Amino acid sequence: MEEAAVCAACRYDGHDVCVENCQWRGLFPLSQIEKFRRMVRIYGKATLSREYRETPPLGRAHRFETMHRDALVQEVYRHRGGIAGRLQELENVIQQKDQQIAHLQGTINIQNLE
Ligand SMILES: [Zn+2]
């Protein structure tokens, strides 16, 4: 199969062929455009470019794979109301436990009086 003339990143930017010296070509082939879209959604393009610059060439594939896995996890959390929603749920659980403890302490105090 012939390699597409454009990678996922350049297609994302609306190009039909890769820009000159495209850095993304080896990392995001056109078949991975959904993956690239997700990573832009979660991290933003500036962060992706910075990671590219700051990661040694041999570590890039692994680095972006790890970031993509984190992006998938973050998407799941966002889908369920985000981190804030999750924290609120935990807060509610803590409040319920506090009430149970207060109730039990009240029961213990009454028993001690009898
Ligand atoms: Zn490209």
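In what order do the elements of the protein run from the N terminus on? They go α-α-α-α-α, in a model that is predicted.

**View 1. The whole chain: five helices and zero strands.**
The secondary structure here comes to five helices, with no strand to go with them. The radius of gyration is 25 Å, while the globule rule gives 13 Å for 114 residues, so the protein is more spread out than a compact globule. Laid along its principal axes, the C-alpha trace spans about 85 × 25 × 25 Å. Buried residues account for 11% of the 114 residues. Take the contacts between residues at least 6 apart in sequence, and 41% of them join residues at least 24 apart.

**View 2. Two domains, 1-79 and 83-114.**
The protein is divided into domain 1, covering 1-79, and domain 2, covering 83-114.

**View 3. Helix α2 against helix α3.**
Two packed helices are described by the angle between their axes and the distance between the axes. For α2 and α3 (residues 45-54), the angle is about 105° and the axes are 7 Å apart. An angle of 65 to 115 degrees counts as roughly perpendicular, and α2 and α3 are therefore roughly perpendicular to each other. Zoom in on the residues that meet: α2 brings Met-39, Val-40 and Tyr-43, and α3 brings Lys-45, Thr-47 and Leu-48. Sorted by class, this contact has four nonpolar residues, one polar and one charged.

**View 4. Trp-24, a buried residue in a loop.**
Trp-24 lies in the loop between α1 (8-12) and α2 (33-43). Why does Trp-24 count as buried? Because it has 21 C-beta neighbours inside 10 Å, and 20 or more is what buried takes. Setting aside neighbours within four places in sequence, Trp-24 is in contact with Cys-7, Ala-8 and Ala-9. Also in this view is Tyr-52: it is 28 residues from Trp-24 in sequence, yet the two C-alpha atoms are 8.9 Å apart in space.

**View 5. Tyr-52 in helix α3.**
Now move over to Tyr-52, which sits in helix α3. With 15 other C-beta atoms within 10 Å, Tyr-52 is partly exposed. Which residues does Tyr-52 contact, leaving aside its neighbours within four places in sequence? They are Gln-23 and Arg-60. Arg-25 can be picked out here too: it is 27 residues from Tyr-52 along the chain, with 12 Å between their C-alpha atoms.

**View 6. Asn-21 and its positive phi.**
Back in the loop between α1 and α2, look for Asn-21. Most residues other than glycine have a negative phi. Asn-21 has a positive phi of about 50°, although it is not a glycine. Is Asn-21 buried or exposed? Asn-21 is exposed, with 6 other C-beta atoms within 10 Å. Trp-24 also lies in the loop between α1 and α2, but Trp-24 counts as buried.

Note on methods:
Residues are numbered from 1 along each chain as its sequence is written. This is a predicted model: local features need pLDDT of at least 70, side-chain atom pairs count only at pLDDT 80 or more; totals for chains, interfaces and linings use all residues. Helices (H or I, at least four residues) and strands (E, at least two) are DSSP runs, numbered from the N terminus. A residue is buried if 20 or more other C-beta atoms lie within 10 Å of its own, exposed if 12 or fewer, and partly exposed in between; C-beta atoms are placed from the backbone. Two residues are in contact if their C-beta atoms, placed from the backbone, lie within 7 Å. Domain bounds come from an automatic or database domain assignment. Axes are lines fitted to C-alpha atoms, for helices over the stretch in contact, and angles run from 0 to 180 degrees between N-to-C directions. Angles under 35 degrees count as roughly parallel, over 145 as roughly antiparallel, 65 to 115 as roughly perpendicular and the rest as oblique. Ala, Val, Leu, Ile, Met, Phe, Trp, Tyr, Cys and Pro count as nonpolar, Asp, Glu, Lys and Arg as charged, and the others, Gly among them, as polar. The radius of gyration is taken over C-alpha atoms; the globule rule is 2.2 Å times the number of residues to the power 0.38.
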